[in-house]
Amino acid sequence: MHHKSIRQHADSLRQGEYSSVELTRSFLQRIKQYDGQLNSFITVSEEQALASAKAADERLAAGDASLLTGIPFAHKDIFCTDGVRTSCGSRMLDNFIAPYNAAVVDRLAEAGIVNLGKTNMDEFAMGSSSETSFYGAVRNPWNTDCVPGGSSGGSAAAVAAGLAVAASGTDTGGSIRQPAALCGISGLKPTYGRVSRWGMIAFASSLDQGGPMARSAEDVAILLQAMAGFDARDSTSAQRDVDDYVSPLQDSLQGLKIGLPKEYFSAGLDAQLQASIMQAIDEYKRLGAEIVEISLPNTALAVPTYYVVAPAECSSNLARFDGVRYGHRCEDPADLEDLYKRSRAEGFGDEVKRRIMIGTYALSAGYYDAYYLKAQQIRHLISDDFRKAFEQVDVIMGPTTPTTTFGLGEKTNDPVTMYLSDVYTIAVNLAGLPAMSIPVAPVDGKPVGLQLIGNYFNEARLLNIAHGFQQVTDWHQQMPAQFN
Amino acid sequence: MSLKTSDVEKIAHLAQLSINDEEAEGLLGELSGILGLVAQMEQVDTTGVEPMAHPLHMNQRLRDDVVSETDQRDKLLALAPSSEAGLILVPQVIE
């Protein structure tokens with residue numbers, strides 16, 4: 001049952017082949033059987049899942065069900081869930097049970113989805129390997145000595161191993177697309193503001209965006225349909241209608257103009273990985289697409305710019321964790337300053353502290369113009385590169401990552417090397433564009449992701465382009481043998 | 001702009017993080033490495049370029065100044081590490 005798509009499950013549930021309670025039990029059983037090897041879940045909420053599944057079966061029986069009703073799903077542990085712990089992968093929130101649901105959680109619950117639990121992640125979504133979690137590293141189902149990517153590595157590993165049909169993720173610099181690529185699944189970061197950030201614990205507010213992670217583009221489209229939409233409670237939520245993401249999936253790709261940025265195929269890109277990407281591009285040519293070489297000249301500036309903007313916003317957002325109102329508080333504080341400083345020092349891990357300190361420095365008196373202002377100006381230049389490219393092409397394609405998955409511990413001692421693994425994904429967040437990663441031919445048994453970058457609010461076209469490829473290939477249906 | 005240990009200690013104070021000497025030394029190397037990466041920005045001439053604060057160049061939307069939340073005092077207080085008589089407790093701040 002764990003191979004099936006959302007639509008196949010929806011059909012089976014309607015034909016009475018199995019109930020949502022039976023389906024949910026089978027996934028809970030798989031989590032018990034396999035997650036010891038992966039550590040993809042922080043919390044499994046069995047009781048709540050079975051209660052939702054029972055309610056879903058009643059909706060199905062009453063003929064009042066959506067495509068998502070009764071589908072076993074998992075939320076990244078950054079989305080607040082009323083009654084189930086929301087840790088954000090941090091000791092700081094180890095004891096935190098949110099008093100409300102995130103907008104994304106409510107929207108999917110209204111559609112009848114069954115939440116199996118909360119997935120593991122880099123602490124406060126800061127990382128590219130899911131190794132900075134307070135709850136231990138997540139492992140890649142394709143090779144358990146390797147990382148699943150991050151920060152949404154628990155969601156990616158759970159979907160890839162068939163422990164959930166699909167999962168939610170968040171993407172500030174690549175945190176949906178990079179783990180999707182390293183685990184061989186499909187993931188979409190929507191346009192900034194398309195999915196509500198309300199109840200999603202903030203990392204860098206001008207970059208953060210939630211989105212779906214699943215096996216296929218079709219599953220992603222069905223999920224985005226339920227997740228997207230204006231939310232008055234998020235002050236940067238986009239006030240525009242949601243497109244139909246499902247019907248245009250079948251549209252022809254004849255005449256599609258694909259831009260290949262020369263900067264994405266230069267030094268630093270693994271040769272075998274490049275060959276796999278070009279093989280996918282050839283598939284698109286057979287589907288009627290035209291290839292245009294383009295340039296995004298400011299590509300190399302994206303990582304440096306991001307490591308000012310994201311830490312600056314994180315240092316401001318994470319100031320709220322002070323040990324006073326909720327979260328971790330140190331023992332026997334001598335005075336209020338001691339309470340703040342020790343609670344934060346004990347509650348946050350090393351990577352979070354590094355980023356808070358970089359951000360604090362960049363925003364401190366005398367340095368604002370040299371760092372934050374300069375970064376915001378370069379951000380404009382990076383965004384203009386994309387604007388010009390989309391005058392020529394419909395979609396931009398390239399590798400999601402410069403290499404396939406790497407070994408656990410391989411990059412943890414060198415933050416800068418770790419940061420550079422997001423070289424192709426970060427510019428998209430700075431510009432606020434939508435982008436996907438879909439699996440293409442693996443290299444040495446390790447998954448490879450093709451990144452598709454679209455124009456603002458063009459998610460429907462992106463999903464159509466991804467779906468077209470998945471109609472003529474089966475990389476998205478592959479499962480790691482160990483978990484099959 | 002190279003950092004010194006005293007800078008690291010000052011930043012940690014501004015960020016309200018307690019660090020010991022050994023941690024300050026480690027952070028000195030790590031933060032310097034990150035600032036080295038960030039320094040690539042200096043090569044770019046950004047004269048006259050508007051800073052971009054919002055990806056879609058939108059203005060902040062304002063809502064009407066009316067009550068929108070229900071009273072959840074007990075639920076929120078239950079999250080506090082220490083509370084009494086409906087108030088959150090912290091170490092004494094007024095002598």
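S151(A) lies in the loop of chain A between β3 (114-119) and α5 (153-160). In this predicted model, the peptide bond that leads from G150(A) to S151(A) is cis. Its omega is near 10 degrees. F457(A) is not a glycine, yet its phi is positive, at about 60 degrees. This residue also sits in a loop, here between β11 (446-453) and α15 (459-472) of chain A. For context, most peptide bonds are trans, and most residues other than glycine have a negative phi.

The interface between the chains was examined next. On the side of chain B, 48 residues are in contact with chain A. On the side of chain A, 69 residues take part. The size of an interface is often given as the accessible area lost when the parts come together. For chain B and chain A, the buried area is about 5,200 Å². Carbon and sulfur atoms account for 71% of it. In chain B, the residues that lose the most area to chain A are M41(B), M52(B) and R61(B). Together they make up 15% of what that side buries.

Polar and charged links also cross the interface. Between chain B and chain A, 18 residue pairs are in polar contact, both residues being at pLDDT 80 or more. Two salt bridges are found across the interface. One of them joins E30(B) to R354(A). The closest N and O atoms of this pair are 2.9 Å apart.

Three helices of chain B each supply at least two residues of the side that touches chain A: α1 (5-14), α2 (21-38) and α3 (73-77). The largest share comes from α2(B), with eight residues. By residue class, the side of chain B that touches chain A holds 32 nonpolar, eleven polar and five charged residues.

Two of these helices also meet within chain B. Two packed helices are described by the angle between their axes and the distance between the axes. The axes of α1(B) and α2(B) cross at roughly 105 degrees and come within 9 Å. The helix α1(B) is therefore roughly perpendicular to α2(B). From α1(B), the contact is made by T5(B), V8(B) and E9(B). From α2(B), the partners are D21(B), A24(B), E25(B), L27(B) and L28(B). The residues of this contact comprise four nonpolar, one polar and three charged.

Methods. Residues numbered from 1 in each chain as written. Chains lettered and ligands numbered in written order. Predicted model: local features only at pLDDT ≥ 70, side-chain atom pairs only at ≥ 80, totals over all residues. Heavy atoms only, no water. Contact = heavy atoms within 4.5 Å. Buried area = accessible area lost by both parts, 1.4 Å probe. Salt bridge = Lys/Arg side-chain N within 4 Å of Asp/Glu carboxyl O. Polar contact = N/O pair within 3.5 Å; in protein donor to acceptor, adjacent residues only side chain to side chain. Helix = DSSP H or I, 4+ residues; strand = E, 2+ residues; numbered from the N terminus. Nonpolar A, V, L, I, M, F, W, Y, C, P; charged D, E, K, R; others polar. Axes fitted to C-alpha atoms, helices over the stretch in contact; angles between N-to-C directions. Parallel < 35°, antiparallel > 145°, perpendicular 65-115°, else oblique.
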